Amino acid sequence: MMAAEGTRIAVLGGRGMLGSDLVQTCRQRGFDPIVLDLPEFDITDDDHLEQAVTGAEIIVNCAAYTNVDGAESQGELAYQVNAEAVGRLGTVAREAGKWVLHISTDFVFDGCGDKPYVETNHPNPINTYGKTKLEGEQLLARSGCEYCIVRVEWTYGSAGNNFVTKLIQRAKSQDTLKVVDDQTGSPTATVEAARVICELLRKRPEGIYHFASAGYVSRFGMAEFILDKLSMDVNLLPCKTIDFQSPATRPLNSRFDCSKIARLLDEPIGHWQTPLELFLRQL
């Protein structure tokens, strides 16, 4: 069933980094997005969920507990938001006959090996955040609702903290920066993810899909690209993930094989450099 122009879309987490870009793109594409986010909307509140589902034709869930390190000490809160609430969303959506598009993450994988992940690869999260996100996927699937899960990775956008903005902040105050060269993935602009999600809203596929910009790079290579484009004179040094002490373990391989979602899209998936350069120019 295709979504027509004017379709009401409830965007849970609609003021977050991805959610805010999705709302804007939905408006440009002729949808009628409803922005639902804290403080007036709480995904862990059953009444709020009921109202969100009954008030729209399609539900997109961008709401999540995304503090990867914080989840190690706030595991219960991360579970409530990323897992429990998603399962309840699925149940409410099933009862109302509504289709759900849910955003997930590359952190459902352990990052071992050197091949890009396809949707049928076995998940094996190595930190609490990843475990709660995987549980959310599983509870949504078990709810019996019609759903689509889109896993994204290495996202950056204007509404929120991310690797790009943090690197630039550090580069302004430090002469030397160390960045890991053993984590590999695809930098993905939230405006690109929003464009793809809008295409999926029209087609309403079911199942799990991976989306990231084309091409792969290390975090170090990404940092080199950013500092070069901004002409920032910083001494950039490569290091290993093991050199950084952090509460949560990070996967080293975050590469996605996006051929499944590519078959659904009207246009080819663009390379990561172009959107990132555009984002840097807009900063």
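## Cysteines

A search of the whole structure, which is a predicted model, finds zero disulfides. A disulfide is a covalent bond between the sulfur atoms of two cysteines. For Cys 145, the closest cysteine sulfur belongs to Cys 148 and is 11 Å away, so the two are too far apart for a bond. The cut-off for a disulfide is a pair of cysteine sulfur atoms within 2.5 Å. Cys 239 is in no disulfide either, as its nearest cysteine sulfur, that of Cys 112, lies 19 Å away.

Are Cys 145 and Cys 239 buried or exposed? Cys 145 has a relative accessibility of 6% and therefore counts as buried. Cys 239, at 7% relative accessibility, counts as buried too. The cut-off for buried is under 20% relative accessible area.

## The chain as a whole

The secondary structure of the protein chain consists of nine helices and 12 strands. Its radius of gyration is 18 Å, close to the 19 Å that the globule rule gives for 283 residues, so the chain is as compact as a globular protein of that length. Along the principal axes, the C-alpha trace spans about 55 × 40 × 35 Å.

How much of the chain is buried? Of the 283 residues, 53% count as buried. The accessible surface of the chain is about 12900 Å², and 47% of this area belongs to carbon and sulfur atoms. Among contacts between residues at least 6 apart in sequence, 82% join residues at least 24 apart.

The chain carries 28 positive and 38 negative side chains. The centres of these two sets lie 3 Å apart.

## Residues in loops

| Residue | Loop between |
|---|---|
| Gly 13 | strand E1 (8-12) and helix H1 (17-28) |
| Pro 39 | strand E2 (32-36) and helix H2 (46-54) |
| Trp 154 | strand E5 (146-152) and strand E6 (155-156) |
| Ser 231 | helix H7 (219-229) and strand E12 (235-239) |

Gly 13 counts as buried because its relative accessibility is 8%. Which residues is Gly 13 in contact with, leaving aside its neighbours within four places in sequence? They are Gly 19, Leu 36, Asp 37, Cys 62 and Ala 63. The C-alpha atom of Gly 13 is separated by 8.5 Å from that of Ile 43, 30 residues apart along the chain.

Most residues other than glycine have a negative phi, and most peptide bonds are trans. The peptide bond from Leu 38 to Pro 39 is cis, and its omega is near 5 degrees. In Trp 154, phi is near 50 degrees, a positive value in a residue other than glycine. Ser 231 also has a positive phi, near 50 degrees, and is likewise a residue other than glycine.

Trp 154 has a relative accessible area of 8% and is therefore buried. Ser 231 has a relative accessibility of 65%, so this residue counts as exposed. The C-alpha atoms of Ser 231 and Val 150 are separated by 35 Å, and the two residues are 81 residues apart along the chain.

Methods. Residues numbered from 1 in each chain as written. Predicted model: local features only at pLDDT ≥ 70, side-chain atom pairs only at ≥ 80, totals over all residues. Heavy atoms only, no water. Helix = DSSP H or I, 4+ residues; strand = E, 2+ residues; numbered from the N terminus. Rg over C-alpha atoms; globule rule 2.2 N^0.38 Å. Buried < 20%, exposed > 50% of the residue type's maximum accessible area, 1.4 Å probe, protein only. Contact = heavy atoms within 4.5 Å. Areas by Shrake-Rupley, 256 points an atom, 1.4 Å probe, with all protein chains shown as cover. Lys, Arg positive; Asp, Glu negative; His and termini not counted. Charge placed at Lys NZ, Arg CZ, Asp CG, Glu CD.
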